Amino acid sequence: MRMRIDVVTIFPEFFGVLDVSLLGKARQSELVETHVHDLRDYAAFKADGSPDVHRTVDDAPFGGGAGMVMKPDVWGKALDDVLKPTGVLVIPSPAGVPFTQALAAELSEAPQLVFACGRYEGIDARVAEHYAQDGYRVVEASLGDYVLNGGEVAAVAMIEAITRLIPGFMGNAQSIVEESHADGLLEYPSYTRPASWRGLDVPDILLSGHHARIAEWRHAQQLERTRERRPDLLPPAEGGAW
Ligand code: SAM
C-alpha cells in the first residue's frame with residue numbers, strides 16, 4: 001500500500017526539504033507520495049462569501065489575549081478538500097500528546113496522513129473537535145516541551161520519523177529494530193574504524209568477535225545510558241520511575 005501524505009500550511013516552500021535524502025527517494029518510489037497545499041488558496045472568500053483580497057487566515061481570539069488564532073472556516077474548506085475517508089488528521093501542537101516512536105509506528109500504517117500546520121496562537125480548537133466528531137482519527141501531537149513558531153518543523157520531523165518505519169523504506173530493515181526507543185531503551189554507543197582515535201580506544205569487547213558477550217555488553221550499555229539520561233523510560237525493576 002502506498003502512503004499518501006498531505007500537508008496544509010501557509011509556508012508551502014518550507015517542504016522543499018522533503019525532496020532530500022531517503023524520503024526524497026521514497027517519494028519517487030511506490031512507498032509514499034506527498035502533496036503540499038497552501039492554506040491561503042482556501043481563503044479567497046470570506047465566511048459570508050464575499051471575496052477576500054488579503055486571503056486572511058487568522059483573526060483575534062475570542063475572550064481577548066495576545067496573538068491571533070487561525071480561522072476554522074478556512075481550515076474547514078482546506079481539510080474538506082484534502083482529507084480522504086480513511087485519512088488521519090495530525091495537528092502538531094505543543095499542547096498535544098507526546099510524539100513518540102510508538103505513535104510514529106501506529107501512524108506509519110495509515111493510508112493517508114494530513115498534517116495541519118498551525119501558526120500564530122494555533123488553530124481554532126473546533127477544527128480538531130469537528131473532524132473527530134465526523135469520525136476521523138485526530139491526533140494533536142507535540143514534538144517536545146518547547147514552543148516553535150509554527151507546525152512546519154514539527155510536521156517535517158514527524159513525517160521523517162513515520163515514513164522510515166514503512167516496510168521497505170530503509171535499505172537495512174534491522175537498523176530500525178535495534179535503535180533508540182524501539183525496545184523502550186536508548187541505543188548503546190556505536191564505534192567504527194580506527195580502533196584508536198586521539199587517545200580514545202574502542203571497548204575491547206567489540207573487537208573480541210564474541211557475539212553473545214557483545215550483545216550482553218550492549219544491553220548493559222543501553223540500561224546504563226537510559227538510567228543516566230532518561231530514567232523516565234525505565235521500568236521500576238530497572239530502577240526507573242514508572
Ligand atoms: N499558543 C500555543 C500554545 O501555547 O500551545 C503555541 C502556538 S505556536 C507559537 C504556533 C504553532 O507552532 C502551533 O500551532 C503548532 O502548530 C506549532 N508548534 C509549536 N510548538 C510545537 C511543538 N512543541 N510541537 C508541535 N508543534 C508545535
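1. Tyr146 is partly exposed, with 45% relative accessible area. Tyr146 sits in the loop between β7 and α5. The model is a predicted one. Phe11, Phe14, Tyr146, Leu148 and Val153 together make a nonpolar surface patch of about 420 Å².

2. Val139 belongs to strand β7. Its relative accessible area is 6%, and because buried means under 20%, Val139 counts as buried. From Val139 to Gly209 the chain runs 70 residues, and their C-alpha atoms are 46 Å apart.

3. Next, the largest pocket. Its space comes to about 460 Å³. The lining has 25 residues, with Pro92, Ser93, Pro94, Glu121 and Gly122 nearest the centre. Two or more lining residues come from each of β5 (87-98), β7 (137-142) and α5 (151-163). β5 gives the most, with five residues. By class, the lining holds 13 nonpolar, eight polar and four charged residues.

4. The second largest pocket has about 250 Å³ of space. Its lining is made of Pro98, Phe99, Thr100, Gln101, Ala102, Ser180, His181, Arg230 and Leu233. Sorted by class, four are nonpolar, four polar and one charged.

5. Salt bridges come next. The structure has 10 of them. One pairs Arg2 with Glu33, with 3.7 Å between the closest N and O atoms. This pair links distant parts of the chain: Arg2 is in the segment before β1 (3-9), while Glu33 is in strand β2 (residues 32-38), 31 residues apart. Both partners are partly exposed, Arg2 at 34% relative accessibility and Glu33 at 23%. Arg2 and Glu33 also belong to a network of salt bridges with Arg4 and Asp6.

6. Arg137 forms a salt bridge with Glu106, and the closest N and O atoms are 2.8 Å apart. Arg137 lies in strand β7 and Glu106 in helix α3 (residues 101-107), so the bridge ties together parts 31 residues apart in sequence. Arg137 is partly exposed, at 37% relative accessible area. Glu106 is partly exposed too, at 43%.

7. Arg126 and Asp124 form another salt bridge, with the closest N and O atoms 2.7 Å apart. Is each partner buried or exposed, or in between? Arg126 is partly exposed, with a relative accessible area of 47%. Asp124 is buried, at 14%.

Conventions:
Residues numbered from 1 in each chain as written. Predicted model: local features only at pLDDT ≥ 70, side-chain atom pairs only at ≥ 80, totals over all residues. Heavy atoms only, no water. 1 Å grid on protein atoms, 1.4 Å probe; cavity = no way out; pocket = protein on both sides within 12 Å on 5 of 7 lines; lining within 4 Å. Points joined across faces, edges and corners; volume = space filled by probe spheres on them. Helix = DSSP H or I, 4+ residues; strand = E, 2+ residues; numbered from the N terminus. Nonpolar A, V, L, I, M, F, W, Y, C, P; charged D, E, K, R; others polar. Patch = residues over 30% accessible without salt bridge, like charges linked within 9 Å, V, L, I, M, F, W, Y side chains within 5 Å. Areas by Shrake-Rupley, 256 points an atom, 1.4 Å probe, with all protein chains shown as cover. Salt bridge = Lys/Arg side-chain N within 4 Å of Asp/Glu carboxyl O. Buried < 20%, exposed > 50% of the residue type's maximum accessible area, 1.4 Å probe, protein only.
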